[in-house]
Amino acid sequence: MGKRYLLYVKTMICFFIMAGLINAAFTRQHYMINTLQWKFKKADMANAEQTNFDDASWQSITIPHDFNGGIDKVNNDIMTGPKMYRGIGWYRTRFTIDNQYQGKQIFIEFEAAALVTDVWLNGTLLGRHKGGYTAFSFDLTPKILFGSENVLAVKVNSANDPTVAPWMYTPFGTYPASYDYAVYGGIYRNVWVTITDKEKIEATFVSTPGLSAASSLVRVKTEVKNYTAASQSVKLTTTVLDSTGALVKTMTNTQDIAAGELFTFDQTSTAVANPILWSPVAPYLYKVYSSLSVAGENIDQCESPLGFRWFTPPRPNGPFTLNGANFFLRGINRHQDRQGYGYALTDEQNRYDIELIKSMGFNFMRHAHYPPAPSVMQACDQLGILLFIECPVTVGMSRDPAFLDNAKSQLTEIIRQNYNHPSALLWSMGNEYDQSVSVVDPNLTEAMINSYTTTMNTLAHSLDPTRPTTACGLKYASNFPLVDAFAPQDWTGWYHGTYNSYAPTQLIGEYGADAAIERHKEPGTQVLGDWSQEYACLLHEAFVARGEARKTLFPGHCVWLLGDFASPRADRVAASGNTINYQNQKGLFLYDHTTPKDVAFFYKSFYTDGAKAPMVYIVSHTWLDRWTAPAAKNVWVYSNCEQVELFNAIGSASFWKANPRCGREHHKDPVSVDRRKYQV
């Protein structure tokens, strides 16, 4: 039956109680159950939801876990391409809730599980969630056994399903029947148990109407549910605090809520004078504390982030503006996929990625092709990264009516769950979702794609009228005006054309080139498609330089992407240029997210301030066999410093001293970045 774990809540709560503001009779308990003894089986098992099912022979694992990426050192088939498992995996664990919590509400919360998840408690089905990238929860209270062992059983199905996004016409096929990334299966984000009183804060939605540099209101909509069998009079106190904990504003309202009813409080503060603004340059965060009381006793509390900032939609033929000033979006894409872990990243690993992105000078991130983990959102708020957040509708568009319903459901969850984050800038309807029209499915039409885009755009604006919408990489121009700021991709210099023709007028969602870290070409011999680091450097230099020269003429652009990632597609093989089968190799870093390619140093040299974090890099640290005999070679250096001097280590003799950058903000030659090549 496995080891029994007792869950006695002590100190792990969802927020810090501010002295003098909250005198709680009951404090919401929120704690992680990742390290319980979880048992796992990668197969469909009859009766595995039953309390007396024998799981002793199952594999012992901890959460986060997926059954493809190798986090458990057993289930590691992600690099096998078509042999990758997409199907059912079962999870089981046991826990005890102390008798002291009788009369409270008990919830199980999953930050994500891919793709379709069924959850049972003590043999009773609690419900199903369809979608692999958003959080969901179930009320355990009706079936919980207080003071006794409870059995939680979870079935996760990652199979390709035409009723659930993302969906492929042909799993493990070729583009556009298959998209270019892996869908892992499993409970790959944190799992929590939350204990509340019978009156509970379900969600908050914070906005800043009338915001200017001089003042702003704070509006907070708070959903409160009464889980009792009788009407209750509840008081909601909403407090705005600055980053030091100093009181800024307080709002209080009282309401009678009927039995079982969900009521939405709508509170607006008086004006906050001279709010400190949030931006990637200075990501200042306020906090909103919500406290619920009944009969004078505080019974539930939660915290929401607040950042004061305003912006214009990143529309074509002009700059993006943030807080009233031009702000060029220097962007990067990210997949949550990492070698040896797959999707099953810890909060610390998620934050590491955002710190890495920030350290290279990026201020904008497109999270492709699905929404990020809560820890990513928190890191972007704190470190200052604006976000392009995408609904996971990618390349394939199923004509099953349930598919649209599921896409709408997932977009609703994305917006509701990320609404309060000041880093959230754009809601994306999806990626390349019209590529298969006529090519793969002759019955899928441009008009159907238009209808999808219109429906999703309308839904997004109804849920959040404060943020613009977008979509990325569509081929039908009829879709472009259906969102607020369409984001095309520009693959000139890689899939077609030459990189010197880059002349963007819109927010660019993707550009880049595959580069194998071991492949090198001497200057003058690089050609499109050679997968050398040198060609990739030249392409990225041209795109960045041309982009910077035009930064008042378009909002910004996003390089594809932070790290190489798994792509179990049939054409991701050596015959198509790959040096590693079933891997997209366009990352600035290898699949491990720690080993940089040369182009990573280029971005760091160009986007960061040498006065704050000086760096210099001689290209290339991986070209170990370049000199087999004494010879003159062209060498170039990336640096953000005002002056760089190179020495010959043999004699410690200086042979070059110059300014390698010639100015950080503009370039006389928009085709190439100020980079020097010198004879050695």
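Trainee: What secondary structure elements are there in the chain?

Mentor: In this predicted model, the chain contains six helices and 36 strands.

Trainee: How do you know that the radius of gyration agrees with that of a compact globule?

Mentor: A compact globule of 680 residues would have a radius of gyration near 26 Å, and the chain has 26 Å, so the two agree. Along its principal axes, the C-alpha trace spans about 85 × 60 × 60 Å. Buried residues account for 59% of the 680 residues, and among the contacts with a separation of 6 or more, 70% join residues 24 or more positions apart.

Trainee: Why is the pair of Phe40 and Phe67 called stacked?

Mentor: A pair of aromatic rings is described by the distance of the centres and the angle of the planes. Here the ring centres lie 5.7 Å apart, which is within the 6.5 Å limit for a pair, and the planes meet at 20°, which is under 30 degrees, so the pair counts as stacked.

Trainee: What makes the pair of Phe107 and Tyr227 edge-to-face?

Mentor: The centres of these two rings are 5.7 Å apart, and their planes stand at 70°, which is over the 60 degrees required, so the pair is edge-to-face. Phe107 is in strand β6 and Tyr227 is in the loop between β14 and β15, 120 residues apart, and this pair also links distant parts of the chain.

Trainee: Are Phe107 and Tyr227 buried or partly exposed?

Mentor: Phe107 has 5% relative accessibility, which is under the 20% cut-off, so Phe107 counts as buried. Tyr227 has a relative accessible area of 22%, which falls between 20% and 50%, and therefore Tyr227 is partly exposed.

Trainee: How do you know that helix α6 is largely enclosed by the rest of the structure?

Mentor: Nine of the 10 residues of α6, which covers residues 598-607, are buried, and therefore the helix is described as largely enclosed. Among the buried residues are Phe601, Phe602, Tyr603 and Phe606. The buried residues of α6 pack against several elements, including helix α5 and strands β23, β28 and β33.

Trainee: Which backbone values call for comment at Tyr175 to Pro176 and at Ala368 to His369?

Mentor: Most residues other than glycine have a negative phi, and most peptide bonds are trans. The bond from Tyr175 to Pro176, however, is cis, with omega near 5°, and Pro176 is found in the loop between β10 and β11. The bond from Ala368 to His369 is also cis, with omega near -10°, and His369 lies in the loop between β24 and α2.

Trainee: What is the phi of Asn47, and what is that of Tyr582?

Mentor: Asn47, although not a glycine, has a positive phi of about 65°, and Asn47 is located in the loop between β3 and β4. Tyr582, likewise a residue other than glycine, has a positive phi near 60°, and Tyr582 is found in the loop between β30 and β31.

Notes: Residues are numbered from 1 along each chain as its sequence is written. This is a predicted model: local features need pLDDT of at least 70, side-chain atom pairs count only at pLDDT 80 or more; totals for chains, interfaces and linings use all residues. Side-chain values use heavy atoms; hydrogens and water are left out. Helices (H or I, at least four residues) and strands (E, at least two) are DSSP runs, numbered from the N terminus. The radius of gyration is taken over C-alpha atoms; the globule rule is 2.2 Å times the number of residues to the power 0.38. Buried means under 20% relative accessible area, exposed over 50%, partly exposed in between (1.4 Å probe, protein chains only). Contact means heavy atoms within 4.5 Å. Rings of Phe, Tyr and Trp (its six-membered ring) pair if their centres lie within 6.5 Å; planes under 30 degrees apart count as stacked, over 60 as edge-to-face and the rest as tilted.
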